[in-house]
Amino acid sequence: MKRVVSLAVLVTIVLGMSLLLALSGQSFYPSENLRWLAIVYLNTTYNPYLPDFTVWSPEAVTAIVWDYRGLDTLYETTVFYLAIISGLALGRGVKRLNQKPTDESGLSPIVKTVTKITGPMILAVAASIGLHGHLTPGGGFQGGATAAVVPVVFIVVFSSFYLLWKGVSSQRMLTLRSAGLIGIGLTSIALFLAGLLLGLPSYVFQNIAKAGSPLSMPYDVHGALLSGTLWWFNLFEFLAVSSGFTLAFIILMTPEAEEKW
Amino acid sequence: MVGFLAEYMFTVIYLSLFVNLGLSLFGLFYKPHYVKKLIMLGILGDTLNMFAIFLGYRAWPSPTTPSRPPILLTYPFENASVLVEFTSRAVDPLPQALVLTAVVIGLAVMVFLIFLGDNLFKHYGTLDMREIRRLRG
């Protein structure tokens, strides 16, 4: 009886979801045409003929994430912050061990050498993904998540205490993460503050000059495309995401001391 | 033939997403172990992200010719034809923008749930949900 009920619940949910999806769009077979909203985004993301609407970024996804729907992403960053902070709050008040890692701990010397070579390479790729997010696919979120792979690999290969002894402590990661979040906040109100100082109309989360608001972030520095606020948002989001995940991984993977405080 | 194959493979992938959805919901609801629930939650999130990506998919006009990636990288800007070609080939960017944040948020929520499981194990000595329910009260 119980099995029948559970099966009925699952079948109802799956069928209901498929019905909803089928009703929401006429057909799920991919067509050659796009919805008008997507065409508007693609048309304005990098378009010198529409200087009032463009973002000056050839990468439409980053333009949507940080310009068209920037406030949305700010609150998603808040959710990210809250999830990490509540995880840390659950792990508080526990004394963690801190031993000096020896040469015997961890995996074999071959693995350690390879990790020492590939670790900086992963970081370089992550920085490239994060800081070129306004030009090529990528951005702060993706680059930060890639950079957070490095501490996990080092903890697994060397020792749980390796990062702590190399100076990557949870306090420093917390500081770096707060710096990233403050940077995101400052970037979002930078043009608003400039408008207040200069007595010109401007908005929170403004990037490129709009009709009626002549202020604009520099989108072009000596022939290099910066896309206004996008580059700064990507940089600070990269810091916040990578250090947030590093913080969580360090705390999760450090063994606890036996007695509690 | 190519068109039929493309349609067939699309249908298979689409149906497999629903199978995935049912399996992950089954694990989430009826598997008693906390870690299994977490794994199934991850699969559920990935399945839903995949649905969103599918919404933004765009068919290549002629299935027999190989597709070219839409790249808009002529700087300084040359002429409008680049833009027209880009718009005619690029997929819908909005679902991708939503999914990319959802993935990172999902990872952060997963980290939180792992901390929660850590605490559960410390308090009860088990992660079996039936045992934890029995210990209550």
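Biologist: What radius of gyration does chain B have, and what would a compact globule of 137 residues have?
Modeller: Chain B has 22 Å, whereas a compact globule of 137 residues would have a value near 14 Å. The radius is taken over C-alpha atoms, and the globule rule is 2.2 Å times the number of residues to the power 0.38. This is a predicted model, in which local features need pLDDT of at least 70, side-chain atom pairs count only at pLDDT 80 or more, and totals for chains, interfaces and linings use all residues. Residues are numbered from 1 along each chain as its sequence is written, chains are lettered from A in the order in which they are written, and side-chain values use heavy atoms, without hydrogens and water.

Biologist: What box do the C-alpha atoms of chain B fill?
Modeller: Along the principal axes, the box is roughly 70 × 40 × 20 Å.

Biologist: And how many helices and strands does chain B have?
Modeller: Chain B has five helices and zero strands; these are DSSP runs, H or I of at least four residues for helices and E of at least two for strands, numbered from the N terminus.

Biologist: Turning to A:Glu32, where is its place?
Modeller: A:Glu32 is in the loop between helix 1 (2-24) and helix 2 (36-44) of chain A.

Biologist: Which residues is A:Glu32 in contact with, leaving aside neighbours within four places in sequence?
Modeller: Those residues are B:Arg58, B:Ala59 and B:Pro61, where contact means heavy atoms within 4.5 Å.

Biologist: Why is A:Glu32 classed as partly exposed?
Modeller: Because its relative accessible area is 41%; buried means under 20%, exposed over 50%, and partly exposed in between, with a 1.4 Å probe and protein chains only.
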